[in-house]
Amino acid sequence: MDYQLTELQTNIRDICAQIGEEKIKPIREHYDTANEFPKEIMKVFAETGLFGLFIEEKYNGMGGGVMDLVIAVETLSKTCSGIALGLAATALGTFPIILFGTEEQKKKYLTRIAGGTIAAFALTEAEAGSDASGIKTTAKKDGDYFILNGTKQWITNAGEAEIYSVIAMTNKEKGARGATAFIVEKDTPGFTFGKKENKMGIRASATRELVFQDCRIHKSQILAREGMGFIVAMKTLDQSRPGVASQALGIAAGALDEAVAYSKTRKQFGKPICAFQGISFMLADMATQVEAARALVYVVARTIDKGEEKDISKISAMSKLFASDTAMRVTTDAVQVLGGYGYMREYPVEKMMRDAKITQIYEGTNQIQRDVIGNCLVKESGKGG
Ligand code: COS
């Protein structure tokens, strides 16, 4: 299909496909098995300028937007979404600065990120997953400083990132309106990391706790204003969910490729299995779902980049919901097409199926996405809210 990619986007797709084939494919199994973060590949991303893809040129970025990020993450995720996540989660940690940073904060942090410094976003806690305004990490005012105490859970890129966008409560009584967003640097005293999680999929990505114990952060590190942390988080997620959608899309597209290739070489009853309608109909459905997901994700990403839509929550949630459900269905079917071989670690489709599952869960479960979409529909119809 002709998606009318720009020259930059075509170049990004080709470069990422080359990185996937030459650098990621030979090592993806190792990092998945070892549950290890691929620093060497992050260097390749940095050298290629991928960390600056979605950052303005005046901060040494490439001046692209969500669509450019989507193309990169989709293409890299075809080979390994766990590795692509190092880039996607950096974007997630960067969006609060892009959307709400002061000129000074942007100059200081965006230029570093564009040069290859990894970032992360810290909202989730043990008791605050879907209920994001229930966070318990506190930031108590002390003169020009805020003292952070608490633990963030399941933070992607934790320990590897140098720059963290952290949401903490500055006024518990005010609920969602009592949260504040801070930029916290890795080596700040009082800021340490908890255990590395042993995950089902995306095992090449680093997922750890962030632990704050009397961690002093200067007020100049606040993003937006005191009390605006929840809005910073929500607007960030609106911007980043198409990134998860593109990760899911890449996983699904990768699994489809594997299934088609296998079906042409695997012979049963004297014929390649693609000659059986039971298989070819499955492949046809998988391909149709992938293309439908791609069309939706691209249109949503472009709409966000245009900046004309006032409320992007609904379409952003739709892209993540549809693409991640597609990824789960298509990878499950890919394992089915490969049969017993699909279930074995020697073939990549079982890893793709494991990797797909998280896209229905993180950056808001798909139940939360439906909730967001439903609330938007009611608001738009003027009946509620
Ligand atoms: N953009 C701007 N403002 C938003 C917003 C958005 N996308 N979403 C909510 N708000 C505002 C609301 O308008 C409301 O403002 P007022 O206080 O002025 O009325 C405020 O934020 C609180 O909103 P709401 O009452 O809807 O908050 P809830 O506590 O009910 O939570 C959901 C809403 C469920 C949507 C939110 O908690 C959520 O997104 N949860 C999932 C979190 C998530 O994705 N976690 C993954 C972490 S990153 S891996």
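Is Gln-4 buried or exposed? With a relative accessibility of 63%, Gln-4 counts as exposed, because the cut-off for that label is over 50%. Keep in mind as you read that this is a predicted model.

Gln-4 sits in the segment before helix H1, which covers residues 7-24. Its backbone is worth a look too: phi of Gln-4 is near 50°, a positive value in a residue other than glycine.

Phe-269 gives you another case, with a positive phi of about 50° although Phe-269 is not a glycine. You can find Phe-269 in the loop between strand S9 (267-268) and strand S10 (271-272). Phe-269 counts as exposed, at 77% relative accessibility.

**Aromatic rings**

Phe-269 also has a ring partner. Together with Phe-276 it forms an edge-to-face aromatic pair, with 6.0 Å from centre to centre and 80° between the planes. Why is this pair called edge-to-face? The planes are 80° apart, and over 60 degrees counts as edge-to-face, so the pair gets that name.

A search of the whole structure finds 12 aromatic pairs. Elsewhere, ring pairs join Tyr-164, Phe-191, Phe-193 and Phe-212 into a cluster.

**Around the ligand**

Now turn to the ligand. Which residues come nearest to it? Of the 19 residues around the ligand, the nearest are Ser-130, Arg-177, Asp-238, Arg-241 and Gly-364. By type, the shell divides into eight nonpolar, six polar and five charged residues.

How much of the ligand does the protein bury? Taken alone, the ligand exposes 1,000 Å², and the protein buries 65% of that.

Helix H7 (229-265) and helix H11 (366-381) are the elements that give two or more residues to the shell around the ligand. The largest share, seven residues, comes from H7.

Ala-301 is in helix H8, residues 277-306. Ala-301 is buried, with a relative accessible area of 0%, because anything under 20% counts as buried. Ala-301 and Leu-69 are 232 residues apart in sequence, and their C-alpha atoms are 9.0 Å apart in space.

Val-337 belongs to helix H9, which runs over residues 313-342. Val-337 is buried as well, with a relative accessible area of 4%. For Val-337 and Ala-34, the separation in sequence is 303 residues, and the distance in space is 27 Å from C-alpha to C-alpha.

Notes:
Residues numbered from 1 in each chain as written. Predicted model: local features only at pLDDT ≥ 70, side-chain atom pairs only at ≥ 80, totals over all residues. Heavy atoms only, no water. Near = heavy atom within 4 Å. Areas by Shrake-Rupley, 256 points an atom, 1.4 Å probe, with all protein chains shown as cover. Helix = DSSP H or I, 4+ residues; strand = E, 2+ residues; numbered from the N terminus. Nonpolar A, V, L, I, M, F, W, Y, C, P; charged D, E, K, R; others polar. Phe/Tyr/Trp six-rings, centres within 6.5 Å; stacked < 30°, edge-to-face > 60°. Buried < 20%, exposed > 50% of the residue type's maximum accessible area, 1.4 Å probe, protein only.
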